[in-house]
Amino acid sequence: MSESATTAKSVSPAFGRNNPYSAQLRENRWLNQKGSSKDTRHISIELGSDGPTYICGDSLGVVPRNPDPLVQEFLEKLDLASDPTLRENVASTLILNRAGKKFVKAVAERATGTARDKLGAICADEKKLDEYVFDRDAVDVLHDAPGVKFDPAEIPNLLNKIAPRLYSIASSPDHRTGHVDLTVAVVQYTTHGRAKQGLASGYLARLGAGNSLPVYVQPTRHFHLPPSNRDIIMIGPGTGIAPFRAFLQHRQKHGHTGRNWLFFGDQHAATDFLYSEEFTAAHKSGHLHKLSTAFSRDQAEKIYVQHRMREEGAELWKWLQNGAYFYVCGDAKRMAKDVHAALLEITAQHGGKTPEQAEEYISVTLSKTEKRYLKDVY
Ligand code: NAP
């Protein structure tokens with residue numbers, strides 16, 4: 001593999017969030033086994049020869065739509081279900097699955113009787129309003145104010161606009177030309193007696209082979225593969241696995257000589273080991289040099305990827321000393337912070353550094369100077 005290929009920029013100037021490409025979904029497959037509490041999908045999309053191009057580390061922007069039954073329920077409650085232009089506008093541009101504060105306030109103003117009093121009191125108290133909108137969608141709000149009416153022209157100004165959702169790409173462009181894969185956690189929950197789905201993950205989960213969907217490539221600024229002879233350490237629990245599947249495909253295809261070490265974690269080994277056949281086979285063949293898994297709920301105490309990092313601290317430190325690149329993908333709020341803390345501890349313990357020196361090494365030398373600590377967290 002030539003170095004230029006890893007550092008090449010993806011070029012797809014023709015398509016963007018305001019001008020997405022109409023791609024075709026080819027596969028929508030469950031990655032969790034029966035009995036799992038999670039619903040993670042492998043979504044494979046055909047970009048064809050005229051679609052956007054990408055490189056490993058890029059993200060795919062998906063422009064979602066609301067589910068038809070939700071749009072119908074919303075319009076029926078407002079007595080506006082017979083307006084096809086409004087229907088299409090609501091379905092494709094307005095957020096229904098989360099109630100916005102502006103919408104609640106507008107509904108409160110139009111409501112009558114006890115509904116007006118109840119919603120009015122909520123709107124007058126910011127904390128109560130935060131709590132009210134936290135687990136409600138637009139239909140829940142209308143349910144609390146039966147008979148409320150709006151003019152069709154008012155609707156677009158009352159609801160927040162749908163924005164594209166970015167997913168880390170889970171395939172190498174050279175593995176299957178003209179295709180892009182995603183690893184999508186489908187967000188679903190029931191509140192106030194109604195089942196709900198995440199806007200974009202629900203949209204992707206509903207699509208079947210042959211359906212078209214608007215997409216574009218969002219190039220990564222920093223989450224690139226290193227030169228082909230460098231080792232990589234990849235920390236990717238849950239859907240954080242996505243870019244590392246791409247990295248491994250790419251390095252295998254192009255015969256990169258650097259070693260690959262993957263840390264993966266999820267709830268249960270039997271049901272939630274995403275792409276287990278692929279990673280187990282890559283480990284067996286020697287392409288994936290080390291595979292460290294952390295299944296959090298297979299025992300009484302939680303075991304996370306950072307626990308496995310600590311257990312392998314001496315070896316991990318050796319890899320870093322040998323010039324390995326350290327990648328983290330997934331949850332920003334807790335996981336990436338805990339992984340960072342584990343990295344600091346490993347550096348102090350195995351690098352013989354004080355906490356201050358470890359901080360300097362990780363946050364300055366590794367991250368800023370050598371640019372070997374790369375994150376794709378959300
Ligand atoms: P995930 O929820 O990130 O879980 C993957 C694994 O990480 C599980 O074994 C989980 O264990 C474990 N984990 C939990 N806390 C951790 C920590 N502090 N450090 C290390 N590992 C930790 O997996 P996912 O499938 O990618 O996401 C599932 C859902 O979470 C989706 O609905 C997704 O949208 C949402 N999510 C939200 C955010 C965000 O809002 N910032 C980020 C990532 C995912 P336990 O569950 O057993 O504790």
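Predicted model: local features only at pLDDT ≥ 70, side-chain atom pairs only at ≥ 80, totals over all residues.
Two elements give two or more residues each to its lining, namely β12, residues 325-330, and β13, residues 373-377. Of these, β13 provides the largest share of the lining, with 3 residues. In total the second largest pocket is lined by 13 residues. The ones that lie nearest its centre are H222, S367, K371, Y373 and L374. How does the lining split by class? There are 7 nonpolar, 4 polar and 2 charged residues in the lining of the second largest pocket.

Now the ligand. There are 20 residues around the ligand, and T239, S296, R297, K302 and Y304 come nearest. Three of those names come back when we look at side-chain atoms.

Take T239 to begin with: one of its polar side-chain atoms sits 2.6 Å from a ligand oxygen atom. For R297, an N or O atom of the side chain is 2.6 Å from an oxygen atom of the ligand. The side chain of Y304 likewise has an N or O atom 2.6 Å from a ligand oxygen. As for burial, the ligand taken alone exposes 880 Å², and the protein buries 78% of that.

Which domains supply the shell around the ligand with at least three residues each? They are domain 1, covering 3-64 and 164-218, and domain 3, covering 232-377. In terms of secondary structure, β10 (260-266) and α15 (335-351) each contribute at least two residues to the shell.

Last, the classes. The shell around the ligand has 8 charged residues, along with 6 polar and 6 nonpolar ones. For the lining of the second largest pocket, the charged count was 2 and the nonpolar count was 7.

That is what I have on the two sites.

Methods
Residues numbered from 1 in each chain as written. Heavy atoms only, no water. 1 Å grid on protein atoms, 1.4 Å probe; cavity = no way out; pocket = protein on both sides within 12 Å on 5 of 7 lines; lining within 4 Å. Helix = DSSP H or I, 4+ residues; strand = E, 2+ residues; numbered from the N terminus. Nonpolar A, V, L, I, M, F, W, Y, C, P; charged D, E, K, R; others polar. Near = heavy atom within 4 Å. Polar contact = N/O pair within 3.5 Å; in protein donor to acceptor, adjacent residues only side chain to side chain. Areas by Shrake-Rupley, 256 points an atom, 1.4 Å probe, with all protein chains shown as cover. Domains from an automatic or database assignment.
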